[in-house]
Amino acid sequence: MSATALRPARAFDPVGWARANLFNAWWSSALTLVLIYAIVRALWGFIRWGFVHAVYSVPTGANGVPQTGVCQAAGVGACWAVIPEKIRFILFAFYPFDQQWRPALCCALFVALYAISANRFFWRRELALIWVGTLVVVGILMWGGVFGLPYVPQYKWGGLPLTLILATLGLAAAFPLAVLVALGRRAANLPAVRLLCVIYVEIIRGAPLIAWLFMATVMFPLFMPEGVDIDKILAAQVAIILFAAAYLAEVVRAGLQSLPRGQSEAADALGLGYWRKMRLIILPQALRLVIPPLVNTFIGFFKDTSLVLIVGIFDLLKAGTTAVADPPWQGQANEVYLFLAVIYFAFCFAMSKYSKGLEREFDRSRRH
Amino acid sequence: MSETALAERQAAHTIGEPIILLDKVNKWYGQMHVLRDVSLSIAERERVVVCGPSGSGKSTMIRCINRLEKHQGGRIVVDGTELTDDTRALDKIRSEVGMVFQSFNLFPHLTILQNCTLAPIWVRKMPKAEAEELAMSYLRRVKIPEQAHKYPGQLSGGQQQRVAIARALCMRPRIMLFDEPTSALDPEMIKEVLDTMIELAESGMTMVCVTHEMGFARQVADRVVFMDRGEIVESGPPHQLFEHPATDRLRLFLSQILRGH
Amino acid sequence: MRLSWTDPTLRNIVWQVLIIGAVAALVWYLVRNTERNLAARHIAGGWAFLWQPASIPIGEAPIAYIPSVSTYGRALLIGILNTLKVSVVGVVLATVLGTFVGIGRLSPNWLLARISAVYVEVVRDIPLLLQLFFWYGLLQAFPPPRQAFNPITGLFLSNRGIRFPALEWEPAHGFALAMFAVGLVVTWFWTRFADRRQQATGVRPPTWPVALAALVVLPVAVWAALGAPFHLDLPALRGFNFQGGLTVTPEYAALLIGLVVYTATYIAEIVRSGLLAVPHGQWEAGGALGLPRGVVLRRIVLPQSLRIIIPPMASQYLNLIKNSSLAVGIGYQDIVSIADTTLNQTGQAIEGVTIIMLVYLTFSITISVFMNWYNARIALKER
């Protein structure tokens with residue numbers, strides 16, 4: 001009998017599985033051992049730093065300043081005390097302390113908005129209204145001045161709500177612009193418009209976002225007529241919108257291109273006219289197709305909002321780095337970075353899993 | 001073809017020694033038992049057609065013969081050499097066994113001629129000019145010599161499959177395996193490929209062919225093997241299997257296949 | 001063309017005129033405001049500032065630079081060189097790491113595949129800037145030079161950077177290097193000769209002994225014959241810092257590590273999908289013909305894989321170059337950082353921004369042109 005592979009004995013077979021997946025060749029076995037050793041050492045080191053030798057709270061001195069000397073002692077691991085101490089600042093930056101329920105509520109609204117948009121049930125025209133409505137409510141909550149809410153000017157906004165606003169408003173405003181640019185690029189009968197759209201997309205994509213943020217904060221004030229001042233956050237937001245629109249335009253264009261020509265021809269044959277055809281037949285289908293790459297692009301922009309730190313805007317990342325610049329906490333940068341990383345990862349990973357799930361579903365349904 | 005002509009032709013065709021031997025071959029995919037105690041002996045110059053419903057294991061069995069799939073139980077002996085994990089022996093066996101795939105599997109970045117000369121140059125160490133002459137002779141045999149310098153993407157499905165047959169023949173194999181060669185073709189192209197295979201059979205090549213084309217089986221096969229659910233159910237000359245099926249399973253299969261014939 | 005609204009040609013022209021007109025009007029409006037604002041701040045336009053002395057302190061300069069003596073033009077050139085310095089090395093390292101991780105994800109070893117997948121997913125879900133801060137913090141947590149880590153002789157890790165020994169360049173090294181270059185040419189010619197031999201007779205003379213001799217043995221022999229000089233300039237602690245050897249600043253190292261780790265994840269995905277995209281049937285067909293695995297890989301699978309891998313790879317290289325602009329966040333002076341300082345000092349906002357745009361657009365267009373040429377050359381011919 002020349003048996004080569006193992007005959008499976010029963011369904012759950014850890015030994016057999018290990019032999020097939022971890023030790024199937026000499027180099028594989030060696031690699032498994034090396035990796036297991038490395039993982040165990042790294043994990044153990046992390047557990048010792050982060051949990052066993054960690055300090056969870058520090059006493060507050062007589063003058064109200066936390067005594068962080070215990071964190072600097074030798075052999076001490078992570079000083080998690082920095083998180084509860086600084087969390088309000090990291091999340092909300094300079095927003096007035098007693099009004100911080102407002103940005104917190106905004107964050108919850110954004111999360112609800114993403115959850116609703118992810119649900120297939122809401123994929124219809126009304127979703128646009130939901131987005132606009134949410135942004136209006138967020139604006140009212142953040143600015144105040146009405147309904148008895150005290151007014152809070154923009155320069156005091158910061159932290160997580162600002163990151164969410166930059167990303168969400170950026171996407172919301174960029175999307176219609178992106179659709180127009182994508183349509184313009186495919187307009188065979190309007191060569192000047194097509195050229196304009198190509199120039200726009202290629203120039204924007206040619207330079208990094210930082211360059212555009214610098215340009216916005218430096219040059220937008222120059223663009224304004226006399227006496228009109230432009231707020232830095234607004235300049236950055238406009239730059240993000242224009243930047244996002246260029247990338248989204250390419251995604252939408254890919255969707256338009258992958259739609260079979262027969263759809264457009266059938267619509268033409270029915271005499272629908274250009275805008276009706278786009279609105280009723282082409283765009284609904286094309287946009288559905290590109291939702292996975294759209295979500296991936298949004299993940300990228302969510303991360304890119306952290307760049308506004310460089311032009312001095314207090315997003316989540318800058319709030320975090322400013323928190324550890326505070327003298328008592330200067331050694332605790334890694335703890336705060338870890339905290340920030342977890343927040344970003346939570347958002348991005350959720351979106352990434354969602355988009356992968358969507359892609360798998362689209363592939364499956366397309367193959368039938 | 002008339003019964004007498006068929007009988008005459010089969011008398012003229014002498015069958016040699018066993019060249020493929022499957023002895024109680026078993027194979028599992030995970031928990032699924034896809035080949036159950038399959039035993040088959042194929043002689044030189046014999047033409048065998050394997051048929052059966054999908055999932056019967058016929059493709060798996062034929063792919064075990066040139067070890068594209070590994071069997072877990074039993075023995076397979078090809079041209080005197082037993083199939084094991086010995087890669088050098090395996091390469092040698094594979095150069096004697098030609099295979100034609102359902103999805104052609106031509107190399108898209110090479111011309112037709114290069115597709116055919118690649119293996120003779122690298123395995124049989126033939127000089128390029130000699131390999132090209134050999135390839136052109138086979139391309140002429142499958143009747144598409146003029147496409148030699150085109151790329152596979154520029155040919156129709158039927159032409160591509162004929163190139164695939166020529167490519168396999170360029171290694172001058174002793175055995176040719178066909179894994180549903182016409183299943184991916186448009187109906188009007190099936191005939192040209194079947195004609196090529198018939199011509200090949202008439203020239204004395206040992207052939208094992210998995211196919212649904214019963215007309216081809218009737219015309220060319222010395223033996224038809226019917227598989228179902230991983231085992232060989234019936235085996236015998238085509239007219240016996242098709243006219244007098246012995247088992248219900250074969251009767252059911254024939255009624256499904258030959259509906260409308 | 002009829003002069004009527006129902007004529008499509010007329011409609012198209014009117015639409016284009018309207019749209020272009022609107023855009024042109026907007027641009028004209030913005031330009032007018034800009035001119036007025038610049039005049040109000042007494043900022044002159046023009047490029048004269050490029051030849052004026054710059055008072056920008058520059059920490060890392062590949063070419064000579066003296067603050068308050070060298071010009072702004074020179075400072076900007078240094079910025080471009082710094083960008084290139086980190087981009088070129090970054091591209092090479094990211095490709096190597098990304099290829100390994102991409103192949104690792106397809107490994108039959110379950111641990112390796114899972115670890116690679118986790119690495120790719122985690123790194124891609126955290127902003128690059130945060131990662132750069134982390135690496136920079138790590139590199140700055142090294143002890144001061146007096147207590148620097150010294151894992152092996154000559155290598156010193158301190159918060160002033162990584163210092164390693166430099167080879168003192170002798171003529172013998174130059175000759176050895178020249179011999180290596182000659183060896184490359186010889187190897188190339190030998191490979192062509194081997195091709196011709198194989199076409200003529202079917203037998204392929206082995207390449208590896210010739211390559212080994214030409215690329216390794218001969219240069220080493222030349223170097224040995226000329227006295228085998230091998231003197232290392234070891235860094236030595238003098239006072240508060242090291243002298244001698246080569247330095248990699250913490251800023252450069254942090255930026256390089258961050259960029260490589262981040263970009264490698266995208267390259268890993270590209271390599272993985274390129275390898276998966278070649279249908280398994282190609283491997284089977286090659287195997288069924290009796291071709292050994294090495295030949296199937298080199299002649300059948302890899303040519304098809306590279307077609308799929310190289311275009312997205314090129315745009316990842318462009319992304320790496322653009323992401324290097326995050327240098328300004330950790331104090332590495334690339335072109336964006338220096339141009340920003342320049343425009344803050346001189347007030348010449350438009351010129352500064354234009355320079356930044358031009359530099360990156362040049363990179364972008366160069367890579368685009370190369371990609372288009374490559375795509376046209378290797379496109380698979382179809383009906």
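Arg185(A), Glu202(A), Glu250(A) and Arg253(A) are joined in a network of salt bridges (a salt bridge being a side-chain nitrogen of Lys or Arg within 4 Å of a carboxyl oxygen of Asp or Glu). Over all chains, this rule gives 26 salt bridges. The model is predicted, with local features needing pLDDT of at least 70 and side-chain atom pairs counting only at pLDDT 80 or more, while totals for chains, interfaces and linings use all residues. Residues are numbered from 1 along each chain as its sequence is written, chains are lettered from A and ligands numbered from 1 in the order in which they are written, and side-chain values use heavy atoms, leaving out hydrogens and water.

**Salt bridges inside chain B**

- Glu46(B) and Arg223(B) form a salt bridge whose closest N and O atoms are 2.8 Å apart. This pair links distant parts of the chain, 177 residues apart: Glu46(B) sits in the loop between β2 (32-43) and β3 (47-51), and Arg223(B) in strand β9 (residues 223-228). Helices and strands here are DSSP runs numbered from the N terminus (H or I with at least four residues for helices, E with at least two for strands).
- Both Glu46(B) and Arg223(B) are buried (buried means under 20% relative accessible area, exposed over 50%, and partly exposed in between, with a 1.4 Å probe and protein chains only).
- Glu199(B) bridges to Arg141(B), with 3.3 Å between the closest N and O atoms. Here helix α7 (residues 187-202) of chain B, holding Glu199(B), is linked to helix α5 (residues 128-141) of chain B, holding Arg141(B), and the two residues are 58 residues apart.
- Glu199(B) is partly exposed at a relative accessible area of 31%, and Arg141(B) is partly exposed at 28% relative accessibility.
- Asp228(B) and Arg249(B) meet through their side chains in a salt bridge of 3.3 Å, N to O. Asp228(B) belongs to strand β9 and Arg249(B) to helix α10 (residues 248-257) of chain B, so this pair ties together parts 21 residues apart in sequence.
- Asp228(B) counts as buried, at 10% relative accessibility, whereas Arg249(B) counts as partly exposed, at 27%.

**Aromatic pairs**

- There are 29 aromatic pairs over all chains (rings of Phe, Tyr and Trp, the last by its six-membered ring, pair if their centres lie within 6.5 Å; planes under 30 degrees apart count as stacked, over 60 as edge-to-face and the rest as tilted).
- One of these pairs is Phe302(A) with Tyr344(A), an edge-to-face arrangement at 5.9 Å centre to centre and 75° between the planes. Phe302(A) lies in helix α13 (residues 291-304) and Tyr344(A) in helix α15 (residues 333-367) of chain A, so the pair ties together parts that are 42 residues apart in sequence.
- Phe302(A) counts as buried at 1% relative accessibility, and Tyr344(A) counts as buried at 0%.
- Ring pairs also link Phe46(A), Trp49(A), Phe51(A) and Trp80(A) into a cluster.

**Where chain C meets chain A**

- On this interface, 49 residues of chain C are in contact with 55 residues of chain A (contact means heavy atoms within 4.5 Å).
- About 4500 Å² is buried between chain C and chain A, 73% of it from carbon and sulfur atoms (buried area is the accessible area, with a 1.4 Å probe, that two parts lose on being put together, summed over both). In chain C, Gln16(C), Asp125(C) and Leu130(C) lose the most area to chain A, together 12% of what that side buries.
- One salt bridge is counted between chain C and chain A. Lys356(A) forms a salt bridge with Glu121(C), the closest N and O atoms lying 2.9 Å apart.
- α1(C) gives the most to the side of chain C that touches chain A, with 13 residues.

**Where chain B meets chain C**

- Here 32 residues of chain B are in contact with 29 residues of chain C.
- The area buried between chain B and chain C is about 2600 Å², with carbon and sulfur atoms giving 63%. Phe107(B), His109(B) and Trp122(B) lose the most area on the chain B side, together 26% of what that side buries.
- The rule finds one salt bridge across this interface. Glu284(C) pairs with Arg63(B) in a salt bridge, with the closest N and O atoms 2.5 Å apart.
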